[in-house]
Amino acid sequence: MSTVRESSASSAATAAGAVAGGAVPEVDEQQSRAVAEAAREQDWRKPSFAKGLYLGQFDLSLIHPHPRPDPARRERGEAFLAALESLLRDVDVARIEREARIPDETFQALADIGAFGMKIPVEYGGLGLGQWYYNRALVMIGSVNASLGALLSAHQSVGLPEPLVLAGTEAQKREYLPRCAAGAISAFLLTEPEVGSDPARLRATAVPTDDGTGYVLNGTKLWTTNGVVAELLVVMARVPKSDGHPGGISAFIVEARAPGITVHRRNAFMGLRGIENGLTSLHDVRVPREHLIGREGQGLKIALTTLNAGRLAIPAICAGAGKWSLKIAREWSRERVQWGRPVGEHAAVAHKVAFIAATAFALEAVVDLSGVLADEDRKDIRIEAALAKMWASEMGWRIADELVQIRGGRGFETAASLAARGERAVGAEQVLRDMRINRIFEGSTEIMRLLIAREAVDAHLTAAGDLIDPHLELSRKLKAAASASGFYARWLPQLVAGKGDLPTSFDEFGPLAAHLRYVERTSRKLARATFYGMTRWQGALERKQGFLGRVVDIGAELFAVSASCVRAMMIGADTPEHGKAAYQLADTFAEQSRLRTERLLDGLWRNTDAADERLSERVLDGAYEWLEDGILDRSEGTGPWITEEVPADASENVARRVIRSP
């Protein structure tokens, strides 16, 4: 989050022009924030349910009645899901885990049913299924093998198709989208050894050619998911500012087999053993100017806009793993007998089973609601999608961890080992390993909290940004104070009372009405707490990451409860035979969520944040190095923590083609 206002443009420009000819950009904290601030969408042209939760404005009409998928997509969507199910039943998931590679025939089979063009519009050769059916496909895939989900989501959610649909020229769309739909796998190249969540430090360059016909790209890109098998790349590189070139971080379409591109390594991880993730270098790679997506300097903005809906892929995969975990937990907890009863009848295990069931219901509720909202395109879902990604990755990981605990020693044993002993090959430990990355990539939980917090307090920064900016002079602050007083005079009285205080509000939801009243009351309470934080810490609020993280987490819980209640009511109306069960799941989830929310609310003001930060500072200063006595660190001497250099023993090129040309 940043309180930088008018200074953002100049700071961002300074950071954007900080490198030329490949020099490492030296940018300070303010410039890094300014680059991030300049990349975010500034305006709110459409209503947002989740944004309202943080402002104490609980407008249930934005999501209730539950929006429905576009019926025009139904025939195509159901036909594709049937084909996908048939394909997945034949995938050898044990082979993927054993060989740490998706077989080429699986790549080809996915291409044959159109899986690489699920979201690509029909007019460009895709299936045009939209976000909701895309999510349903990823839910199914997430129940089978997470590496397959990573392959398809990296290609369509953050790879070339989505940026082109949003910001590409018509010529670019007609040239590349049909190729992507047919199976020309794409990869997104942003991360570098020195660049993760701070793009201001990006050192890959795109230098305009003297004749003005293109750019020459140089740099090293790390963790390029799909990069080993990609045919097309989206490369983020910095254009130096010069005459006729505004410069800045820009997005380019690059053919993966272009001269100068080398995939040096296929990286290996604790989970997702089948993903084709590489270390890629670009050396004097010439790119025509027609391959620039959007304009110079728009690369990060395009990337963030792409992620508005692109982030929904991870929640869908988490929902699939959660539903699979529920099935395994249910069957195992009835089958396994200890102390004279099935383990599921013992309270300690029953509590875990209930958590998995209720949370799996909520995960699907969040994914389906967000997907339909994305397809309708009548709401701004940037906060909804970010919340879904953050919350689903955290809860999905907890579900996987609880499943391993329920399975006991068998949860820790691999599926291959279980099968070798003649038992059912349940890969609970693999799901735990595969799910762990979701809390890190496409924005770690910690970064997502800061991103959401920035959007959640946007109204405050608009009203009082200059007032709390420590860099501005007194006269500007006085002027801002007059403007802010008008906003708060209108807003604060709305937080005193609301529908949540009325015992008959939301009665149409029956037994779930009390939960929605709680959400409404807590939304107002959260907004008041945020305001108190603003007044207490002013510009220093941006450094109160513990406070901001709890604010965001409270909003995530309120969003999940709202989605669950609305979904339960829809299920009751559509399939009455499941209505009672849906209400029970939503009710239990809301009760569990309320306990988490109350702890978070209490933690806003009663916590160990300051003590933790002081202790951490002493740890980093070496005050407790004596505590490390008596251990061995075998990693010492194996290499530096971070290197920009391609290792001398790196392979010349490990890129490979896995899908035949149509």
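Helices (H or I, at least four residues) and strands (E, at least two) are DSSP runs, numbered from the N terminus. The structure is a predicted model, in which local features need pLDDT of at least 70, side-chain atom pairs count only at pLDDT 80 or more, and totals for chains, interfaces and linings use all residues. Residues are numbered from 1 along each chain as its sequence is written, and side-chain values use heavy atoms, with hydrogens and water left out.

**Exercise 1.** Locate valine 619 and classify its accessibility.

*Solution.* Step 1: valine 619 belongs to helix α24, residues 609-620. Step 2: buried means under 20% relative accessible area, exposed over 50%, and partly exposed in between (1.4 Å probe, protein chains only). Step 3: valine 619 counts as partly exposed because its relative accessibility is 46%.

**Exercise 2.** Describe the strand pairings of β3.

*Solution.* Step 2: two strands pair if DSSP finds at least two bridges between them. Step 3: strand β2 (residues 205-208) runs antiparallel to β3 and is joined to it by 4 bridges; alanine 206 stands opposite leucine 217 in β3. Step 4: β3 also pairs with strand β7 (residues 277-288) in the antiparallel sense, over 9 bridges; valine 216 has arginine 286 in β7 as its bridge partner.

**Exercise 3.** Characterise the surroundings of arginine 273.

*Solution.* Step 1: arginine 273 is found in the loop between β6 (261-266) and β7. Step 2: at 31% relative accessibility, arginine 273 counts as partly exposed. Step 3: contact means heavy atoms within 4.5 Å. Step 4: not counting residues up to four places away in sequence, arginine 273 touches several residues, including Glu97, Ser147 and Arg433.
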